[in-house]
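The briefing below is meant to be read beside the sequence and the coordinates.

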Amino acid sequence: MTTRHRTSFTARKSTFVIGAVIAGLTLAGCSAPGSSTGGDAADQTDIDAVVTAADVAKLGDITLKMWADQAEEPLMKEVVPAFEAEYPNVTVDITYKSFDDLIATVVNAAASASPPDVFQGNIGYAVDGALVEAGLVRSLDDVSDVYGWSTGTGASTLGPAMWSDDASTFGSGTLYGMSPISEVQGIYYNTEKLDELGLDAPTTIDELAEDLPIALAAGEQPIMLGNSDQYAGTHIFSDIAASEQDPASIAEWIGGAEGATFETDGNAEAASIMADWADKGYFGDGYDGLGNQDAISRFADGDGVFFVGGSWNGASLTSEDFGMSSLVSGGVGATASPWHISSKSENSVAAIAWLDMLHSPEVGQQILDTGRLPVITDGVTATDPLQEQTLTVLKDTIAAGTQVGYYDWSTTDMLTTMGGALQEVMAGRITPEEFTATVQATWADTHDTP
Amino acid sequence: MTLGRPAARFSRRATLTGYSWSGLIYIVPALLFFVVFVIYPIIVSVQTSFYDYDGLTLATPVGLDNYINVFTDDDLRAALAHSLVLLVFYAALPVCIGLLLAGAMSRIRIYGLTLFRALLFLPQILSSVVVAVAWRGLLASDGPVNGVLNAVGLGALSTTWLGNFDTALPSIGVIGTWVEYGLCMVLFLAGIVTIDRSLYEAARLDGAGPVREFFSITLPALRPQISIALILTITFALRNFDLIWNTTRGGPGTSTTVPSLFVYQDAFQNRALGQASALAVVLTVVILLVVVIVQLLLRERGEAKIRTPRKERTR
């Protein structure tokens, strides 16, 4: 009896304590989450001349805190020592994060009380848009003017980092970030198989379309595709769509331009071509069950004649066995994640010096040497044939001005919607018109403000 | 002498009224941890679910809008239907297979029983990412599963299991069954050990076969274990995310979407924290409801059965 009494007494009391704690916490958290005070971009001191080592030295001994994508680490190992040698009072402290981790956390880090001075975001609404809207990143228009970024080979690559004042559209407006690294799409081909089939490397979608049945008839899988991640298919779709209509209109739609629509004849035609190619077996069986990385390894192992992909796939392919040809008609592609300067940074002068160094031909060469593509292509030289071809593809495509960015920049959920709907249209479960309508409905949810 | 009385009073107070407080001190560290990392986040989630919040700028209250969206969104309803299909694979099938294996293992003396038990439990220990990657390989168009089908002349059945609109959901279900049956089996084996062997002897004397033994003795005695197994597997089924994210990402099309996939997308991709919180809250309530129903269904008649072995022991 006594035992039971005591237990219930204790239980009642501890219930009371827990209840009180919960009530207290509830009351404490009652105000609306979030804060109305972001960084204040209006406060920034614009520069009117190139930042010199003497300007940076005035800051005294400082540590420049940075957040970067893990993929940048090999490059950073080259750039950081050079930077610290040129600006001896600065110590660079970089925190590396995997790409997924970076884009999931960098916005909150930038909004925290002690944000990194310099960090990488990601183009599009989910990361860069949130950063610009909350006033967490410094405008770089003055930097671009002083250093002449808007002229020269890298100029066209700045667009995706430019935002309208209310962060509702991007592609033009105020510059908020800069990426020194380019990405370009083209057609990778298996050199030996192309020779056996007696084909030349295709440079347009039409030429590719002519080669596909020949490859199939010879018992080869024409295009290696791994679409279980739902994005590789949209890249091929973008190449076809860009050859069916003006790529500029696609870029506008991606940037969220008012009144833009995805329900165009070109997009419907591109979707029906994708469905037709899938139906004829040009992508082989089971592309929806194959991951993109697995598809690249298979292509590298000699499966498939063509691989429609980007420079980011090139690292897996050897220059003896594979080549790359340009698709100047356009398609997805742009730059890697841009670098931003925190609007709260007290060391923005040093941060500007950092961005300037990233945007130099010397670093451009280091970027190429570490297996990526620089935005500054003047004065860099390739060391193997495939790298040379990829660089040519980049120059051709940038000269043509037909890169449209990436579809998933357009809304935060576009990758899922469009990737999934494209799988359905390729499997013949929905019509091309239903596909374009589904995609446009998702776009309108974000961009058509009532 | 004068010290005697207050000391006595103090000790009496300690046993009568102060006891509960001194007891609380022992759980304060754990309680604090629990409150900060479990209770507080739950409260914040519930609160956030009534706001339109991007995680940065000031949130605006939207009343029940987020909840209305949860119940009116067609995509979410489809996802919930997928979850119900997965319940069969993640909860019903593992419990049945677990019962079958446990029943067999308890009857037949097997050499290296511990080894088999450990091997069959292995899927439960593996990281779900490892499981997902392994099964992606097994179920690929040129994977071993299709290889076996081709070898036995069933090549017509082979397909890209995870990439086919009709087979993707059941395929993910089978992976879940494979992960969960080991847990069920181990739970049931532990339960069978506590059953009084004399019950089996009595049944055998009465002429009961193995099947009758299983249904008359083993199954009723395992009621509490079955209840626990169902609670664990149903929870796993309804909040399942990692397996699907790492195999199909909800595709092809939307054929394998589940509610937790939308929680992730809303919270981390769309920065719609209010919407994500509302969905998470609804999901939690649904899981709690299902668990309560399972417990109620399995408890009542269960208690009568549990009493039998207890009486046995007191005698």
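In this predicted model, chain B comprises 14 helices and 2 strands.

**Chain B overall**
- Chain B has 315 residues, of which 34% count as buried.
- When contacts in chain B between residues at least 6 apart in sequence are considered, 73% of them join residues at least 24 apart.

**Helix α6 of chain B**
- Helix α6 of chain B spans residues 128–138, and its buried residues are Val131(B), Ala132(B), Trp135(B) and Arg136(B).
- Viewed down the axis of α6(B), these buried residues fall within an arc of 130°, and they therefore line one face of the helix.
- The partners against which the buried residues of α6(B) pack are α5 (113–125), α8 (168–193) and α12 (242–247) of chain B.
- On the face of α6(B) that is turned away from the buried side, the exposed residues Val129(B) and Val130(B) are found.

**Domains of chain A**
- The domain assignment divides chain A into domain 1, made up of 47–178 + 337–371, and domain 2, made up of 183–334 + 403–447.
- Taken over C-alpha atoms, the centres of domain 1 of chain A and domain 2 of chain A are separated by 31 Å.
- To the contact between them, domain 1 of chain A contributes 11 residues and domain 2 of chain A contributes 11 residues.
- On the side of domain 1 of chain A that touches domain 2 of chain A, the residues divide into 5 nonpolar and 6 polar, with no charged residues.

Note on methods
Residues numbered from 1 in each chain as written. Chains lettered and ligands numbered in written order. Predicted model: local features only at pLDDT ≥ 70, side-chain atom pairs only at ≥ 80, totals over all residues. Domains from an automatic or database assignment. Contact = placed C-beta atoms within 7 Å. Nonpolar A, V, L, I, M, F, W, Y, C, P; charged D, E, K, R; others polar. Helix = DSSP H or I, 4+ residues; strand = E, 2+ residues; numbered from the N terminus. Buried ≥ 20, exposed ≤ 12 C-beta atoms within 10 Å, placed from the backbone. Arc of directions from axis to C-beta.
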